[in-house]
Amino acid sequence: MAILELEDVHLDYAGSHGKTVAAVRGVSLSVESSQIIALVGESGCGKSSLARCAVGLVATTSGAVRFRGEPIGHKRRRTPDEVRLQLVFQNPYSSLNPRRRVGRQLADGLKHIAVPKGEWPGRVTAALEHVGLSAADARSYPHQFSGGQRQRIALARALATSPEVVVLDEPFASLDASAQARLANLLMRLRSELGTSFVVISHDLSLVMHIADIVAVMYMGRVAEIGPAEQIHDNPVHPYTKALIAAVPIAGQIGKLPVGLGGEVPDPTNVPPGCSFHPRCRFAFDKCRSDDPPLISAGESRQAACWLMELDHGKDSRTDHDTIEVAP
């Protein structure tokens with residue numbers, strides 16, 4: 001049974017000159033116990049906006065968000081159950097208060113779940129030790145730690161409330177390769193030891209593929225492809241997913257450069273008709289320019305929002321994608 005469910009979530013922002021920015025457009029997602037789900041895509045694709053909807057920081061324009069079967073809405077105060085759904089912000093330099101000791105900040109969430117004050121030091125110590133820090137670190141200030149340690153402190157603050165689901169917004173950003181590896185290994189260990197589920201938002205496709213069970217590739221506020229991480233990495237089917245993977249540098253391939261994705265992300269206040277990716281897709285044909293594709297089955301437990309899936313399923317005799325009319 002899913003712990004966190006998002007059903008047909010839409011989120012619109014008011015843009016300049018009276019225009020509307022469609023940040024999230026009809027996303028459905030479910031998070032099960034002890035599962036790591038990764039949301040990947042270019043900047044501006046709606047990943048962070050979706051994360052804020054998921055934890056109730058912003059109200060959805062339409063659609064439903066449920067935690068433990070109960071609707072999550074945008075509100076100033078959260079119930080004790082809703083505190084078990086946590087968000088770790090992208091920048092620990094700004095999300096941690098520089099004037100307060102780390103231990104006091106980790107204890108902030110405990111008052112909301114009615115933990116007796118006498119138990120706070122033990123819960124704080126346990127949370128710090130879960131992320132590889134010590135009880136003595138509770139007496140220090142955020143500026144006394146490295147960037148990677150601050151990211152782990154932000155994660156420890158979320159873990160102090162014994163959450164069932166933690167959403168991490170770009171946790172690997174601004175970390176060097178060794179710190180990224182330590183954090184990735186930490187998430188996998190916490191999933192195993194605590195049974196915590198994680199929703200990881202990241203630009204780093206190669207990194208999340210190693211830790212995620214499910215990968216959802218987003219483009220222009222929609223899910224372009226979703227399925228088991230190994231399948232998507234080894235055999236991507238959506239042209240956008242293929243382009244993202246082709247752009248990842250591969251160690252040891254001297255003289256072979258990654259292939260960049262051409263074109264520009266469309267203006268979110270003026271989403272193209274049909275498939276929003278068609279202006280950049282070399283496989284686009286007439287139907288792509290007029291009809292917005294739903295998520296179509298691309299094999300067991302995998303879906304892709306691409307009309308090429310229909311062709312592959314025998315609804316058209318053309319199965320060689322390279323013979324389809326290419327977008328000008």
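Select Ser34, in the loop between S2 and strand S3 (36-40). Helices (H or I, at least four residues) and strands (E, at least two) are DSSP runs, numbered from the N terminus. Ser34 has a positive phi of about 60°, although Ser34 is not a glycine. At 29% relative accessibility, Ser34 is partly exposed. Buried means under 20% relative accessible area, exposed over 50%, and partly exposed in between (1.4 Å probe, protein chains only).

This is a predicted model: local features need pLDDT of at least 70, side-chain atom pairs count only at pLDDT 80 or more, and totals for chains, interfaces and linings use all residues. Residues are numbered from 1 along each chain as its sequence is written, and side-chain values use heavy atoms, leaving out hydrogens and water.

Next, pick His17. His17 sits in the loop between strand S1 (2-14) and strand S2 (20-32). Phi of His17 is positive too, near 60°. His17 is exposed, with a relative accessible area of 79%.

Now go to Gln86, in strand S6 (residues 85-88). Is Gln86 buried or exposed? Gln86 counts as buried, because its relative accessibility is 15%. Show its contacts (heavy atoms within 4.5 Å). Leaving aside residues up to four places away in sequence, Gln86 touches Val55, Ala158, Thr161, Pro163, Val165, Val166 and Val167.

Last stop: Lys117. Find Lys117 in the loop between helix H3 (102-107) and helix H4 (120-130). Lys117 is exposed, at 64% relative accessible area.
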